[in-house]
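Here is a briefing on how one chain is put together. Keep the sequence and the 3D view open as you read.

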Amino acid sequence: MISKAATLLEVARLAGVSTATVNRVLKQQGYISDDARQRVLAAVAATNYRPNVVARGLRTQHTYTIGLMLTAITVNPLFVGVAHAVEAAAIAAGYRVVIFNHGGSASHERHGIETFIAQRVDAVLFCTTASPDNVEILVDSGIPAIEIERSLTETARSVRVDNYVGARAAVDHLVGLGHRRIAFVGGDPAIYPRDLTRQRSVEDDRLSAYLDGMAAHGLKPMPNHVRLGTYYDLDAEISGTEGQQHTNALMALPEPPTAIFATCDILATGVLQSLYRMGKRVPQDVSVVGFDDTIAAYLAPQLTTVAQPMTALGRHGFDMALAAIERRKVPDEIVLETSLVIRNSTGRAP
């Protein structure tokens, strides 16, 4: 029986590979065949092997700790998905993760940043930052900073999705089902910050995709069919209140929409709640599309939505941080693809 304090050599022997191969698997560096990777991971699990973080830290002056700054882990499941992926990638590489929630407060985030610096973290990932100035504090301190989902600075590396392409796919899907009165419910570009490099925000991309998509099909949004505001209340549990309010206003119009594109699953939750209370059938009377693919599969009916690859966002974010720590070349930005997941909330126009 192998001791819980297994060595790297014991893991290598059990997996039938060299210690160098074990190291490459744990650090996610270099080419490793799928068969060898699976044997190493199985051996790590069987031996309960853990890298000697203290010894490594003494040799490299690293703490093998990553800071993860989240907006609010209890409000939007997107943050949960990203955090889970970051943690999984970090553990596999012998790192630990310290999570801090800023709740939308720049001063609270600043406190978290100061805590990370005092703990000598090796890098910090943001999903997403409350203030670009706080990211700059880290960069000025020589600590690598990675922005996930939104890129709001010119100095930090980032990984995000192509929001324009994702939103356009949602509009094309609804038009393809015969819908002409398509409403847009989303974040207000005047409220949310823009990427300093592109001078565009997530909200700009999603709204532009909707307007361009409608125009490409020879359609023009009906008056008052574009509803903008916040996605949710950062101080509340998931409620869908904002989506309910938008839907109540839309369905009271002389020409209500036959389809609603809500650019966040939480907004879409409120849309469905409001339509249910009105006695409207989804999708027979009104089709609904969301964005994120967080809680979409758990709603009734199951929600058609634009999926953000949460696991890939978190994994790429950690990989970028690790590359920066190890002074390896890494792209300044990674843009991932979204995918339209068609479920039961969309159907032919009535």
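A search of the whole structure, which is a predicted model, finds 7 aromatic pairs.

**Aromatic pair**

- The ring centres of F184 and F261 lie 5.9 Å apart, and the ring planes stand at 85°, so this pair is edge-to-face. The cut-off for that class is over 60 degrees.

**The open sheet**

- An open sheet is built from 6 strands, ordered β2-β1-β3-β4-β5-β11. The pairing is parallel.
- Which strands are at the edges? They are β2 (96–101) and β11 (333–336), and each of these pairs on one side only.
- On average, neighbouring strands of this sheet are turned by 15° against each other, direction ignored.
- Strand β1 (residues 65–70) runs parallel to strand β3 (residues 123–127), and 5 bridges join the two.
- L70 has C127 in β3 as its bridge partner.
- Helix α12 packs on the sheet. It touches β1, β3, β4 (145–148), β5 (157–161) and β11.
- The direction of α12 makes about 165° with that of β5.

**Helix α5 against helix α12**

- Two packed helices are described by the angle between their axes and the distance between the axes.
- For α5 (residues 77–92) and α12 (residues 310–325), the angle is about 45° and the axes are 7 Å apart. That angle makes α5 oblique to α12.
- The crossing of α5 and α12 is right-handed.
- On the α5 side, the contact is made by P77, L78, G81, V82, A85, V86, A89 and A90. On the α12 side, it is made by M310, T311, L313, G314, R315 and F318.
- By class, the residues of this contact divide into 10 nonpolar, 3 polar and 1 charged.

**Helix α1 against helix α3**

- Helix α1 (residues 8–15) and helix α3 (residues 34–47) cross at roughly 125°, and their axes come within 8 Å. That makes α1 oblique to α3.
- This crossing of α1 and α3 is right-handed.
- V11, L14 and A15 of α1 meet R39, V40, A43, V44, A46 and T47 of α3.
- The contact of α1 with α3 has 7 nonpolar, 1 polar and 1 charged residues.

**Backbone details**

- Where are the cis peptide bonds described here? One joins C127 and T128, with omega about -5°. Another runs from A300 to P301, with omega near -5°.
- T128 is found in the loop between β3 and α7 (132–140).
- P301 has its place in the loop between β9 (287–292) and β10 (304–307).
- Y64 is not a glycine, yet it has a positive phi of about 55°. Y64 lies in the loop between α4 (53–60) and β1.

Note on methods:
Residues are numbered from 1 along each chain as its sequence is written. This is a predicted model: local features need pLDDT of at least 70, side-chain atom pairs count only at pLDDT 80 or more; totals for chains, interfaces and linings use all residues. Side-chain values use heavy atoms; hydrogens and water are left out. Axes are lines fitted to C-alpha atoms, for helices over the stretch in contact, and angles run from 0 to 180 degrees between N-to-C directions. Helices (H or I, at least four residues) and strands (E, at least two) are DSSP runs, numbered from the N terminus. Angles under 35 degrees count as roughly parallel, over 145 as roughly antiparallel, 65 to 115 as roughly perpendicular and the rest as oblique. A crossing is left-handed if the near helix is turned anticlockwise from the far one by less than a right angle, and right-handed if clockwise. Contact means heavy atoms within 4.5 Å. Ala, Val, Leu, Ile, Met, Phe, Trp, Tyr, Cys and Pro count as nonpolar, Asp, Glu, Lys and Arg as charged, and the others, Gly among them, as polar. Two strands pair if DSSP finds at least two bridges between them. Rings of Phe, Tyr and Trp (its six-membered ring) pair if their centres lie within 6.5 Å; planes under 30 degrees apart count as stacked, over 60 as edge-to-face and the rest as tilted.
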